[in-house]
Amino acid sequence: MKQARVWMVLSIGAAVLLSTRSTVMQAAPGAGTIAEADCTGAQLGSSIPVSALGEPVGAVTLSEPRWNGAGKAGGPYCTVNGSILPVDKATTARPINFSIALPSNWNGRSVQLGGGGMNGTIPGLAGSQLSQGYVTYGSDSGHQIGGFPGAAGGPPGGFAAKGGPAAFGAAKGAPGAFAKGSGPGVAKGSGGPAPSDDWALNDEAIKNLGYMQMKKTHDAAMVLIQRMYGERPKYNYYVGSSQGGREALTVAQRYPADYDGVAANVPIVNFSTLMLAPELIRMQEKPAANWVTLAKVNAIRGEVMRQCDKLDGLVDGIMNNYMACRAIFDVHQGAKNRHPWAAKRCPNNVDPNPADTSANACLTDGQISTLEFVYTRYPFAAPLANNVKSFGMWLPNTDPSGSGLIMGSRFRGQEGAAADAPMHSHLGALGVTGFLMKDLSANPLDYAEGGKFAARRAELSQWLDGTNPDLSAFQKRGGKMIVAIGTNDTLASPGAQLDYYQSVLDKMGRSKVDGFARLYVLPQTGHGLSGSNYATDGDGKQIESKPIPNTWDRFALLVDWVENGKAPGKSIKVIAGQRSLPMCSYPEYPKYSKGPAQAAESYTCSA
Ligand SMILES: [Ca+2]
């Protein structure tokens, strides 16, 4: 309580400071340019009144601003770090640490940058947008990884693992990211105090991660922009990938008035179930007979390629027709009792050579049941938020073991695992043991869908899932949205993303959606929206592996749409060196018609 009173006094002091300065700043029109002398605590204050934030917070404190000269990337600019304290006083509660970069030559606009992975670090702010004169800002989302609990005052993005281990994030590829220990998983801090995961038991921290932190960080940033330049931005954007992509969708759904445009790459739309899905697969594999081993990887992708490569009119090692391919391998779709893996079934259900890693290896009945589980929509025991009834799981792809979807060992609770075998863990495991089961030492494989955790599961879905298909408030205020996904993504769920696209179309109708949103799909690209053709084509022929065209400037397209009313094409030409391909809007895909395979003009977007 004593601390609360101190914060209150600080807030009142800051409110007085703010009103004084506003008067001064409003008397200085054209304040788009700032200098080092403006980058001071006297200018920006030491706190922000809690009433300025649209979601409940305890207090907002600011560190001393710091000037970054022309020699710094994105410089010159002024940075301020802040800490948004929780309302909850429990020891599991955490602050939201945020940072803002205020450029010397402001273009009158701002960009909120999304997080990555399970968040816990402030994104790096000194990217291309800051160099272009945008104010950039972002937060750690209200919990801290790497042993920096409550630390405000570090460099912007200084403890953000940029492009590295943030596996739900913008990181390219991030192999093995689902599986702790088998690749660059969640960053563990070195040198700092041991990080505690107990924030995962705190509802305010979970709600901050889900949605509240975006609003709180936005509102704090608007106050600081006003204090520095004397006015608020003409345009405000949200840009993010993966976790940050979900955040971008979420702000369009929950806080449409605050954003003129959002860009979301590979968003983890159904976040609550995405965290659970790796455990559901391991549960499916509890019987030893159901275990799909790493030896089967070539056989699996070879079979998928055999059935799906040609569906786009060209046998070239790229499965462009993702909808038709999904329809084959989702056994709940189409005719009943289909057997998409029949050609790979081991005779008499006996695997003559379980160690065979070639494309000729066969699959047992149990293994086939697991593959059907992975590539078929997973129906919920009861509908989750926004009446979502299933999780889209994964699409047939050329990286079937990616992100730990196939594991090379057995885990505690699975048949054949030793009693002291490690418990299964992955990037989102805290969302199962902490958020859902409320026991950080629980074995996630003990979770049972539709059981005693059903009410909690529904509650978490409300907080965490960016699945609201009704974007009409955002559309009506003139908001624009660009989303892009890759069907080879093993970390996010392409099935969930496509099902979300469809739900938006079902809710709002195609023509309305086309007026404000683009839902692009880059077939056979992964979580970083990059990929290559498979080196064995659908006819089993060895071919040269080359990058799939994927280069485009989503942010420039978004800004042009928002500010100049220039809508991006429903298909965009993407490039990779001398190759090009159309990037089509869902549910269309690049269908080969005629001409050189490496030229976009040889394809048409078809459904
Ligand atoms: Ca093809």
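Visitor: Where is proline 76 found?
Guide: Proline 76 is in the loop between β3 (66-68) and β4 (77-85), where strands are DSSP runs of E of at least two residues and helices are runs of H or I of at least four, numbered from the N terminus. This is a predicted model, in which local features need pLDDT of at least 70, side-chain atom pairs count only at pLDDT 80 or more, and totals for chains, interfaces and linings use all residues. Residues are numbered from 1 along each chain as its sequence is written.

Visitor: And is the bond between glycine 75 and proline 76 cis or trans?
Guide: That peptide bond, joining glycine 75 and proline 76, is cis, with omega about 0 degrees. A cis bond also runs from tyrosine 586 to proline 587, with omega near 0 degrees, and proline 587 sits in the loop between β15 (579-585) and β16 (589-592).

Visitor: Switching to phi, what is the value at asparagine 119?
Guide: Phi of asparagine 119 is near 65 degrees, which is positive in a residue other than glycine. Most residues other than glycine have a negative phi.

Visitor: Is asparagine 119 buried or exposed?
Guide: Asparagine 119 counts as buried because it has 27 C-beta neighbours inside 10 Å; the cut-offs are 20 or more other C-beta atoms within 10 Å of its own for buried, 12 or fewer for exposed, and partly exposed in between, with C-beta atoms placed from the backbone.

Visitor: What about valine 266, where is that?
Guide: Valine 266 lies in the loop between β9 (261-265) and α6 (271-284), its phi is near 35 degrees, and with 31 C-beta neighbours inside 10 Å it counts as buried.
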